[in-house]
Amino acid sequence: MASTRVRSQQSQAGGSSSSGSRQHTAPRRLDSSGIEMESIQHHQEDPGLGGAPTAGIIGAPSPPSRQAWSRDNPGFEPEEEEIMEANWPPASPGRRSVSTTASSSSCSSGGSSSGVGSFAGGGGSGHNPRGGPYPPTPTTDAQRQDKHQHRSCMKQILQKIRILWGTDLMEDSDSSRERYLRNLLREMLTYFSFLIITCILTYGMVSSNMYYYTKVMSQLFLDTPLSAGSHATFRSLSTMEDFWKFTEGPFLNGMYWEVWYNNKSLPDNQSLIFYENLLLGVPRLRQVKVHNQSCTIHRDLRDEVQECYNIYTPSNEDTSPFGPKNRTAWVHTAEGRLNASGYWGQVSKYGGGGYYQDLSRTREESALQLALLRENLWLDRGTRAAFLDFSVYNGNINLFCIVRLLAEFPATGGVVTSWQFQTVRLIRYTSSWDYFVGVCEVAFCIFILYYVVEEVLEIRIHRLHYFKNLWNCLDVLMIMLSVVAIIMNITRTSMVSSLLRGLIENHDAHPSFGSLAELQVQFNHVAAVIVFFSWVKLFKFINVNKTMSQLSSTMSRCAKDLVGFAIMFFIIFLAYAQLAYLVFGTQVNDFSSFQASIFTQFRIILGDFEFSEIEETNPVLGPVYFTTFIFFMFFILMNMFLAIINDTYSEVKADMSQQRSEMEMTDLIKKVKHPPSPWKGHTDAEIRAIFAKYDHDGDQELTEHEHQQMRDDLEKEREDLDIEPSSLARPTSGRSFPRTQEDSEEDDDEDSGHSSRRRGSSSGGVAYEEFQVLVRRVDRMEHSIGSIVSKIDAVIVKLEAMERAKTKRKDVLGKLLDGVMEDERMGRDSEVHRDQMERLVREELERWESNDTVSQVSHPQTVTPVTPRPRPPSSLSIDGADAAANGSGHL
């Protein structure tokens, strides 16, 4: 509406101005954005100055321009004058051209520019900005010009920086499809660069050597038999005696490689596992215990059970010295002093403290230490877990392997073993590839800073509406995770340096790489999540294409149905999980806990199950559980889920086939790659006619003079066509509906939103206003036709109901006639049947008369008698008439 008002003022002023002023007030065409921002800024006049252009800084929008600005960017209304002076409008090709040109001209013109618009003429020499009685002195004027020049240069720099953060959320996607796609393409290319950097960083942290390294170390310590001729390994330990056999046999043999296969000794004070992996420091053996009387014994059995050791909990942990009560193996050490952390085992979670023994650098000394612990009964009934920790380093591939072997001794007796092999790259920047990854890390930090600024700008524009979009929430989550990953990476690097420095100073100490390895593993997990979300975000850009947006449209449309289905699904699913846990949990490992039962049922749905175990556990309930679960979950609920998805997908496909085709990303790329020819859209005959008229020398090329002549002729024809619509009255007699206030507002919005199209609309032979009138008429005609069709459907339904009623009455009359004839044939009195038939005939006649009266009242004025459309005679009406005639005859 703002641009409409400005145009009316310009047309009024243009009627009293000369040809030069007409050229001054002519709207200047910008890019494809279709918004006359430059015209609005330079043509707004100040009424207090007699029509002179308003003096101000170039690029500062006047009040009408701000109205158009706010309408193109809903929710964008700067609050501070400093932001407006910095000239940070939403980045777009059309708007950017005005402010950039103005700022560049002011920055390059030196002191010749006074900050007034180029249409002001003399640079504002006859106007005092302060409104005082005297003009400013030359010194003050020069200072003002220098200050304005500095401000214009700063605006130009800010404008160029502002271009970097031009995204689709900072633009009005409805004003120009091409401009929206251009911004989206620029944002997509930037994001592709970020995705490539992220993939290089994450894939640079891992390699296939990590898997083989872990496999070799696990085979050495987990699959080696306890003794010759025995099949027992660390995986199958069952008693404490087996644990001591492992520590004194396979563990020491795998830990200390002191001689070659030809019995030649390795370098002194070194252990090279597999002759390649250096043992860092010394191994550590640690245990945690619970104290006696940590559980409650029933009073009837207290005489029989003297000692009781409960499961491990922090409150039940034993911290008192035992045995010889000397050294760390017999005296408890707190978790903080060991620089360790808790660990989740198969049975419970254990603290980082306990009783520990650091072994030696040689095999003989370590064997003596283990024998001493065994003889003094270091493991007893109170022991709940024993840890074997050590770290190795392979210089060939620059990888660390932090190993933890855990043997749990639950309160039920026996041994439950578990293990952890963490192969990580802790030392960075040793090769050219590592330095390249380091450069990528710096680029990643720059990208994160860039996206932080972008999200802050978008949140400032859209406020809380920004978080209503799922993709925006995903952007914020990725930024937060990236910042956490950067902090973890810096912390990891500093910790590695300090640990290696301490290890070099003391070779006989145990290196506490456990917390560092855990930090590295968590960093890898965060990086994996970032990469996952980075690839998922690609759907934001490919959803611009209609074919690619089918998945998101299908899922969003069927979300409510899926939520309802999920509630029904999980009610039945959890009921079966509870049943399986209670029935099979004591004997089948897959149902040993409620969580295990849930995952086992998911495996059953996918076809991975052991039916024999279920059947052996309970021959009756096992088959019943399995059969009913498969029937309800697989054959019914899963097919309902697929049906919901299929139906919604069919609806989405049908809707997309009816949608209007819009400009796609591929069309924009083709347009950039192959720019349109200036003769595109013209036939060969038209091109030959142009050359025959303007190509005077016959060289099949138009010179500058010939081009100018053709432009003058086209400009003259355009002026004639612009004058023609103004002389024609706007057609209103053909409108089917009265013009309302909403129609007026709609016209104003359409006029202001399509100003650029109006300027050239008359060149096609039809005025823009007439085209809009016809469009609205077509829309209203479609609406009217829709209401008429609905009314016709209602009439058809009523007619069908009437025909059913007539059929019912015909049946009743037939039965009455049959009864009367039967009475006459048998010689019985048929007075009752005659009365009923007479009543029915009279009701039918009265109903027909009432229908005729209603039809005459509903059409009181009939100018021309309309012959009713012939309708094929229905058997119902004929039979009804015959029945009435027969009834009258009997009467």
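**Figure 1. Strand 2 and strand 5 pair in the antiparallel sense over 4 bridges.** The model shown here and in the other views is predicted. Strand 5 covers residues 355-358, and its residue Tyr356 is the bridge partner of Arg286. Strand 2 spans residues 277-289 and is mostly covered, with 12 of its 13 residues buried.

**Figure 2. Strand 2 also pairs with strand 6 and with strand 1.** Strand 6, residues 383-394, runs antiparallel to strand 2 and is joined to it by 10 bridges. Within strand 6, Asn394 stands opposite Asn277. Strand 1, residues 272-273, is likewise antiparallel to strand 2, and 2 bridges connect them. Leu272 has Leu278 of strand 2 as its bridge partner. Strand 1 and strand 2 form a hairpin with 3 residues between the strands. In this hairpin, Phe274 takes a positive phi near 60°.

**Figure 3. A disulfide joins Cys295 to Cys308.** How many disulfides does a search of the whole structure find? The search finds 1. In the predicted model, the S to S distance between Cys295 and Cys308 is 1.1 Å. The torsion about their S-S bond is about -95°, so the disulfide is left-handed. Both cysteines lie in the loop between strand 2 and helix 11 (327-330), so the pair ties together parts that are 13 residues apart in sequence. Cys308 has a relative accessible area of 10% and is buried.

Figure 4. Cys445, at 35% relative accessibility, counts as partly exposed.

**Figure 5. Tyr312 and Tyr350 form a tilted aromatic pair.** The structure holds 48 aromatic pairs. In the pair of Tyr312 and Tyr350, the rings are 5.1 Å apart centre to centre, with 45° between the planes. Tyr312 belongs to the loop between strand 2 and helix 11, while Tyr350 is in strand 4 (residues 349-350). The two residues are 38 residues apart, and their pair links distant parts of the chain. Tyr312 is buried, at a relative accessible area of 5%. Tyr350 is buried as well, at 3%.

**Figure 6. Phe569 and Phe573 form a stacked pair.** Their ring centres lie 5.6 Å apart and their planes meet at 20°, so the pair counts as stacked. Phe569 and Phe573 are 4 residues apart in helix 19 (residues 559-584), a separation of about one helical turn. Both residues are buried. They also belong to one aromatic cluster, whose members include Phe565, Phe570, Tyr576, Phe584 and Phe591. Among the other members are Phe602, Tyr625, Phe629 and Phe641.

**Figure 7. The second largest cavity has a volume of about 80 Å³.** Rolling a probe the size of a water molecule over the atoms shows where empty space is left. The count in this model comes to 7 cavities of 30 Å³ or more. Which residues line the second largest cavity? The lining is made of Tyr191, Phe194, Ile448, Tyr451, Asp475, Met478, Ile479, Ser482 and Lys537. Helix 8 (177-205), helix 14 (432-462) and helix 15 (470-505) are the elements that give two or more residues to this lining. Helix 15 contributes the largest share, 4 residues. By class, the lining of the second largest cavity has 6 nonpolar, 1 polar and 2 charged residues.

Definitions and conventions:
Residues numbered from 1 in each chain as written. Predicted model: local features only at pLDDT ≥ 70, side-chain atom pairs only at ≥ 80, totals over all residues. Heavy atoms only, no water. 1 Å grid on protein atoms, 1.4 Å probe; cavity = no way out; pocket = protein on both sides within 12 Å on 5 of 7 lines; lining within 4 Å. Points joined across faces, edges and corners; volume = space filled by probe spheres on them. Nonpolar A, V, L, I, M, F, W, Y, C, P; charged D, E, K, R; others polar. Buried < 20%, exposed > 50% of the residue type's maximum accessible area, 1.4 Å probe, protein only. Pairing = 2+ DSSP bridges. Disulfide = S-S within 2.5 Å. Phe/Tyr/Trp six-rings, centres within 6.5 Å; stacked < 30°, edge-to-face > 60°.
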